[in-house]
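Dear colleague,

I am passing on the structure we spoke about, with some notes for you to read beside it. Please have it open while you go through them.

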Amino acid sequence: GCPLRIRAGPRAEKRAGRGGRGPGAGPATLYVAGFTPQVVDEPQLRPLFEAYGGVTRLKLHPPQPGKKGVAFVSYESHAEAELALANLNGLTIATGDVLTVKLYTNKPESSTAR
């Protein structure tokens, strides 16, 4: 694949630098979606996320026809995950895809929650 070039939006700059100490100070995992799995792979995603801290695991889910890619990125600390989240959520990558990055919890989100 081709190297990813990123364009940070104003939201990322405002949220940058917010560290997280306290209840979630241990390891944390991010849910990442919105990329084209046939074009973007682990060697392209890893450096993007490693720029914000120690990535302990990056797992891409097998692509499904007609669906955007999904990955899970684990960090050594919650603070590093929060920094990546603040800077990468909503980011447009070189493929034109916009990343959705969320803090992953084992609790399934209810589709009826408002």
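This is a predicted model: local features need pLDDT of at least 70, side-chain atom pairs count only at pLDDT 80 or more; totals for chains, interfaces and linings use all residues.

Among the contacts with a separation of 6 or more, 70% are between residues 24 or more positions apart.

The 4 strands form an open sheet in the order β2-β3-β1-β4, with antiparallel pairing. Its edge strands are β2 (55–60) and β4 (100–103), each of which pairs on one side only, and neighbouring strands are turned by 20 degrees against each other on average, with direction ignored. Strand β2 pairs with β3 (residues 69–75) in the antiparallel sense over 5 bridges, and within this part of the sheet Lys59 has Phe72 of β3 as its bridge partner.

Two helices can be described against this sheet. Helix α2 (residues 42–50) packs on the sheet and touches β1 (28–35), β2, β3 and β4, its direction making about 145 degrees with that of β2. Helix α3, for its part, lies across β1, β3 and β4 and runs at about 150 degrees to β4. Helix α3 (residues 78–88) is mostly covered, as 8 of its 11 residues are buried; the buried residues include His78, Glu80 and Asn87, along with Ala81, Ala84, Leu85, Ala86 and Leu88. Just after α3, Gly90 takes a positive phi of about 85 degrees.

Phe72, already mentioned as the bridge partner of Lys59, comes up again among the aromatic rings, where the structure holds 2 pairs. The rings of Phe72 and Tyr104 have their centres 4.9 Å apart and their planes at 75 degrees, which is over the 60 degrees required, so this pair counts as edge-to-face. The pair links distant parts of the chain, since Phe72 sits in strand β3 and Tyr104 in the segment after β4, 32 residues apart. Tyr104 has a relative accessibility of 37% and therefore counts as partly exposed. Taken together, ring pairs link Tyr31, Phe72 and Tyr104 into a cluster.

With best wishes

Note on methods
Residues are numbered from 1 along each chain as its sequence is written. Side-chain values use heavy atoms; hydrogens and water are left out. Buried means under 20% relative accessible area, exposed over 50%, partly exposed in between (1.4 Å probe, protein chains only). Two strands pair if DSSP finds at least two bridges between them. Axes are lines fitted to C-alpha atoms, for helices over the stretch in contact, and angles run from 0 to 180 degrees between N-to-C directions. Contact means heavy atoms within 4.5 Å. Rings of Phe, Tyr and Trp (its six-membered ring) pair if their centres lie within 6.5 Å; planes under 30 degrees apart count as stacked, over 60 as edge-to-face and the rest as tilted.
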